[in-house]
Amino acid sequence: MTLEHDRPTAPLPAPGGPAPRTGPVIALLVASAFVVVLNETIMGVALPRLMVDLEITAATGQWLTTGFLLTMAIVIPCTGFLLARFPLRRLFFTAMSLFAAGTLVAALAPGFEMLLAGRVVQASGTAIMMPLLFTTVLNVVPATHRGRMMGVISIVIAVAPAIGPTAAGAILSALDWRWMFWLVLPVALLALALGAVWVRDVTETSPASFDLPSAVLAALGFGGLIYGLSLIGESASGHAPVPVWIPLTVGVVALAVFVRRQLSLQRTDSAFLDLRTFTSRSFSLAVVLVVVVMSALFGSLILLPLYLQQALVLDTLTVGLMMLPGGVLMGVIAPVVGSLFDRFGPRPLVLPGMVVAAAALWGMTTFGTDTEIWWIVLVHMTLNLGLGFVFTPLLTSALGSLPRALYSHGSAITSTLQQVAGAAGTALFVTLMSVGAAGAATAGADPAEAMTAGVHDAFVLGAVIASVAVVLTLFVRRPAEVDEARPELVVH
């Protein structure tokens with residue numbers, strides 16, 4: 001069934017510049033998004049401690065991350081409707097209230113079940129926040145300054161997940177695991193308090209439809225796909241709770257039906273997730289490259305700590321500190337890259353950035369059991385430097401190539417595919433590492449050498465994929481002007 005909602009349309013910002021007093025709003029959205037996204041990767045380092053304190057297995061504990069990702073995959077596709085239908089202020093308070101409530105539940109959790117419930121509620125708020133930030137910036141920031149602002153947003157998307165393990169390691173080195181939530185809760189509450197003062201409805205709303213079958217299909221499709229991908233690594237080691245092909249098949253079939261339904265609903269402008277975004281070549285190409293970049297980023301985020309702890313036998317805090325410089329570097333260069341995009345466009349940044357990222361992944365194939373720490377940190381920083389020059393221009397090109405009427409749908413699609421890419425990159429790297437390590441162990445290698453062999457195989461494929469992506473960057477162009485009066489006419 002399709003439920004129609006009518007709502008007055010809010011006034012648009014002036015096309016020549018941002019709406020009045022939008023600076024504090026965007027600053028608060030960026031800071032809030034950074035805090036909520038930070039929690040996406042914070043649990044991995046805490047897993048060994050949780051296994052002891054909560055008396056759970058590693059397979060059970062992984063649900064604290066898998067459940068978070070699944071919730072994101074289910075909620076984010078709904079944000080296309082939510083952002084079109086509801087005003088900014090209401091969505092902000094909904095997102096941050098959910099995140100704060102989930103954080104409190106997790107901090108008070110006496111056992112695994114309540115902790116998992118808190119993580120799911122946290123993820124529900126996180127899933128709304130990122131598309132909300134994207135859509136707000138697209139609506140209130142003029143095209144000539146979007147690169148700089150998207151550079152700031154890149155700090156949230158790429159740097160927050162990278163810093164998550166470092167923050168967790170630092171907290172766990174001195175405090176109980178519940179402090180990972182107690183320290184975040186005041187920040188979430190402060191954001192709510194500031195939101196009451198600063199956040200205003202500076203974006204437009206419009207009549208929008210909620211198609212229940214599409215929502216169910218999106219949940220089954222994206223949820224099944226991400227869950228199946230997250231199981232691949234466990235399947236390689238023989239510990240998957242269900243055969244991998246079951247959730248993957250459900251996901252692929254549901255997505256096929258979902259796409260067919262959206263194409264039908266688009267004829268009456270009532271699509272749950274409008275796929276006319278992909279009629280823009282700039283959007284389609286940029287999204288493909290974003291998927292590659294996110295796969296490489298999350299794949300390296302999961303593989304490097306495993307290699308450092310199991311092959312080089314380093315402690316958790318040391319590993320977290322080694323990952324920190326790369327994340328900080330990406331954060332430092334992101335606003336600079338955004339300013340360069342506003343001046344020169346995407347191609348002069350994306351092409352050399354992808355070359356550097358591919359070179360860094362090839363450098364990671366040299367890691368062994370006696371590799372110096374300084375070399376590992378340097379290569380990781382080089383990877384983040386390259387990805388930093390790629391990520392902001394791609395996001396700006398993708399979303400900037402759309403007409404205003406498709407901003408909310410483009411934001412939802414981009415955010416959803418980032419989650420799928422992260423899960424795919426993690427699954428790909430972990431599977432190759434597991435298979436390679438198992439083969440080396442069978443051939444007689446000791447555990448450290450076997451792990452190193454598996455890591456080598458994973459980074460070789462990552463380097464090959466990144467090298468192919470270098471060719472695709474040659475076709476990236478600056479977004480062209482679009483016809484705002486006709487959302488179906490997206491410039492090619």
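Modeller: Happy to! Buried here means under 20% relative accessible area, exposed over 50%, and partly exposed in between, with a 1.4 Å probe and protein chains only. The model is predicted, so local features need pLDDT of at least 70 and side-chain atom pairs count only at pLDDT 80 or more, while totals for chains, interfaces and linings use all residues. Residues are numbered from 1 along each chain as its sequence is written, and side-chain values use heavy atoms, without hydrogens and water.

The whole structure holds 10 aromatic pairs (Phe, Tyr and Trp rings, the last by its six-membered ring, with centres within 6.5 Å; planes under 30 degrees apart are stacked, over 60 edge-to-face, the rest tilted). Phe 222 and Phe 258 make an edge-to-face pair, with 6.3 Å centre to centre and 75° between the planes. This pair links distant parts of the chain, 36 residues apart: Phe 222 sits in helix H11 (residues 212–236) and Phe 258 in helix H12 (residues 245–265). Such helices are DSSP runs of H or I, at least four residues long, numbered from the N terminus. Phe 222 counts as buried because its relative accessibility is 9%, and Phe 258 is buried because its relative accessible area is 2%.

Phe 429 and Phe 459 are also edge-to-face, at 5.8 Å centre to centre and 80° between the planes. Phe 429 belongs to helix H17 (residues 407–442) and Phe 459 to helix H18 (residues 447–472), so this pair ties together parts 30 residues apart in sequence. Both Phe 429 and Phe 459 are buried, and together with Tyr 307 and Phe 367 they form one aromatic cluster.

Tyr 307 leads us on to the nonpolar core. The largest such core has 131 residues, and Tyr 307 is among those with the most contacts inside it, along with Met 96, Met 129 and Leu 394. A core of this kind joins buried Ala, Val, Leu, Ile, Met, Phe, Trp, Tyr and Cys residues through side-chain atoms within 4.5 Å. Helix H13 (residues 281–310) supplies the largest share of this core, 17 residues.

Conventions. Helices (H or I, at least four residues) and strands (E, at least two) are DSSP runs, numbered from the N terminus.
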